[in-house]
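Please read these points with the sequence and the model side by side. They are short notes, and each takes one topic.

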Amino acid sequence: MVSVLIKIFGTENIEMAEDVVQDALVKALETWKYRGMPDNPRAWLYRTAKNKAIDIIRRNKHSSVIDFSDPQKQLLTSGYTLTTTMNNYWQEEQIKDDFLGMMYACCHPDISQENQITFILKILCGFSTKEVAKSFLTSEDTISKRLYRTKEYFRKHKIKPRIPASEQISLRTHTVLSAIYLMFNEGYNSTHNDQLIRKDLISQAMSLCKSLLSVKRTQLPEVYALMALMCFHTARINSRLTEKGELILITKQDRSKWDKEFISSGQKYLNKAAFGKGLTTYHLEAAIAYEHCNAKEYKDTDWSKILKYYKLLLKIGNDPIVFLNQCLVILELKGPKEALIALKNVENNALLKKYYVYHATLGEIQERLGHNTKAVKHYQKAIELTQSKQEKQFLKDKIAHILN
Amino acid sequence: MKEFMFLFRGGDEVWNTKSPEEQQEHMQHWQQWIEGIAQQDKFISGERLHYYGNTVMNDGKVIDRPLTEGKELVGGYLRIKADSLNEATEIAKGCPGFEWDSKAVEVREIWPEK
C-alpha cells in the first residue's frame, strides 16, 4: 500500500504516503470496532487509502509539494481523469509492480547496504522503527537517522520507484538480491541479537524474493537460485538449535527434523534456476546446500562434489570466506594436514584474522592433529571475536571437551 | 506552440441515467483520451462543471441556473497545446463525450499574450 502511495506522491513525499496508510488503519480500527470486520478488509483498506489520496491530491493540485510533471501524474490534476487514474494505480498487477519498483528504489546502488535493508524493513515489511532497531541491536535514533538519510537521498535525486528496464535489470537485481541475502543471513545467523535465529527476518527475506518471482520481468535465474538456497537453509532451521537455544553443528543435527517440503521446493526453484547462461554464486551455494540436504547421514555427504562447487565459486570471486569454507571441505575430504596447508594461503588476510570462524577452524584442525594447547588458543581467540552468546557457549564447550 | 480551450457542450442529460459501472467505464475513455494528449506533452488542465449554477445578467439580475440549459450547456473544459487550430480540431474529434450525448466541442484558441 505504501509503495503505491509513494508512486503517486513521489519518493520525495514518503511521509505523506505513510500518513495515509496510518490514517487508513486508524479509521479501520475505529470503524471495524463498531461494525465488525468487512468481508474484504484488504479492499476496504485500499478504498479508504485511495480516497484519502484523492483528498490530498485535490488539496495539493496547485502547490509544488507533489510533482505532477510526469504525463501519468498530470492526469491526477484534472477532474476528468483524477478518479480513473487513481483507480488504475490500485489495480492488483500495478500494486505488485509498485512493490517491486520500491524494492529496486530501496536498493539503489548509491545507498549503503545497511541503509537499504533498514529502509526495506521499514517501508516494505512494515517493521516499526523500534523493531528495526531491535533487529540491528541499535538505538531507534540510529535507525531514524538512517531512514532520514535515505529519504533525503530520494528527495534530492527524485528516485522513481520502478522496475528497471531490461538492459539494466540484471545489474540492479544483483543489488536487490544481495540485500535480501544479507537480510536472510542476519535472520539465519544473527550477529546482532540474543536470538541466534530470527524467523521473522527469514520469512521477510523469503517473501521479498518470492515477490520478485511473481512478476515475469524479474524471474531471473539468479533469483530462483537464491530462493532455492534460502529454502535449503530454512529446511534445517529447526535442527540447528537445542531446546535451550544452543547451537547444534550439522554433524550432530537430527536430520529427521529437516523440513522435506522446504527441501523439495528448493529443488523446484533450483531446477528453474538452470536456464540462461550465468552461473552465479547463488547457484553454487544452493547446489552445496542441496548436497548437504541430500545426504541421509553426515558421513554420506558427497564432499568431492561439494569441493568442486567451491572451486567454481572461487573462480567467480576470490572471497576469503569462501576459501575458508573450502578448507573445511578439504578437512573432511583429505584430513587436517592438507587443510592446514591450504589455510596457510590466507594466513595474512586481515579480514579473516578478525573472523571468528577462521580461528574456530584452526582450532578444529589443531584439535584433530592432537595439538591441544594450540587448539585451545585458537578457540579462545574465536570466543573473543564472536558476539553471539550461543557461539561463545559452543566454543567454550569445545575447550572444556579438550581439557577433560 | 499555441494554447487552445475545448468547451464541451451537452452530455449531462444521459450521465444520470447510467449505472455507476457504465459511468466508470465512460470515464475510462476520457482518461485514455486525455492520457494520449498528456503523453504528447500537450495537456495543460481541464475540469468538469456541475450542471447547476447562477448567472449574473448585465442588468444586475441573477438567474438561478446556467444561461443555457440542457443540450447547449457547457459541461466542462480542457486546455491543451497544439501547433494550429487544425491540429487542435483533430484532437477534439476524439472526444469520448460523443459516445453519449455530447452535442459539440467548441475549439477556441486562447488569446495569445504578446
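1. Read along the sequence, chain B follows the pattern β-α-α-β-β-β-β-α-β. That gives three helices and six strands in chain B. Helices (H or I, at least four residues) and strands (E, at least two) are DSSP runs, numbered from the N terminus. Along the principal axes, the C-alpha atoms of chain B fill a box of roughly 45 × 40 × 20 Å.

2. This is a predicted model, in which local features need pLDDT of at least 70 and side-chain atom pairs count only at pLDDT 80 or more, while totals for chains, interfaces and linings use all residues. Residues are numbered from 1 along each chain as its sequence is written, and chains are lettered from A and ligands numbered from 1 in the order in which they are written.

3. The model scores ipTM 0.79 and pTM 0.78. The pLDDT is the predictor's confidence in each residue, from 0 to 100. Chain B averages 90, and 99% of its residues score at least 70. Within chain B, helix α1 (residues 12–15) has the lowest confidence, a mean of 79, and helix α3 (residues 85–92) the highest, at 96. Where pLDDT is low, the predicted coordinates should not be read in detail.

4. In chain B, buried residues make up 23% of the 114 residues. A residue is buried if 20 or more other C-beta atoms lie within 10 Å of its own, exposed if 12 or fewer, and partly exposed in between, with C-beta atoms placed from the backbone. Two residues are in contact if their C-beta atoms, placed from the backbone, lie within 7 Å. Of the contacts in chain B with a separation of 6 or more, 78% join residues 24 or more positions apart.

5. How many residues of chain B are in contact with chain A? There are 15, and they meet eleven residues of chain A. On this side of chain B, α2 (20–39) and β2 (43–48) each supply at least two residues. The most come from α2(B), which gives eight. By type, the residues on this side are five nonpolar, six polar and four charged. Here Ala, Val, Leu, Ile, Met, Phe, Trp, Tyr, Cys and Pro count as nonpolar, Asp, Glu, Lys and Arg as charged, and the others, Gly among them, as polar.

6. In chain A, helix α14 (residues 281–294) has 14 residues and reaches 20 Å from its first C-alpha to its last, close to the 20 Å expected. The expected span of a helix is 1.5 Å times one less than its number of residues. Eleven of the 14 residues of α14(A) are buried, among them H283(A), E285(A) and C293(A). The buried residues pack against α12 (221–235), α13 (260–272) and α15 (303–316) of chain A.

7. Helix α16 (residues 320–334) of chain A has 15 residues, so it should span 21 Å; its end C-alpha atoms are 20 Å apart, which agrees. Its buried residues include L324(A), Q326(A) and L331(A). They pack against α15, α17 (336–344), α18 (350–353) and α19 (356–369) of chain A. Just after α16(A), G335(A) has a positive phi of about 100°.

8. A nonpolar core is a set of buried Ala, Val, Leu, Ile, Met, Phe, Trp, Tyr and Cys residues joined through C-beta atoms within 7 Å. The largest has 85 residues, and L5(A) and A228(A) have the most contacts inside it. The most residues in this core come from α12(A), with eleven. Not counting residues up to four places away in sequence, A228(A) touches G266(A), Y269(A), L270(A), A273(A) and A286(A). A second, separate core of 20 residues includes F8(B), A38(B), A92(B) and V107(B).
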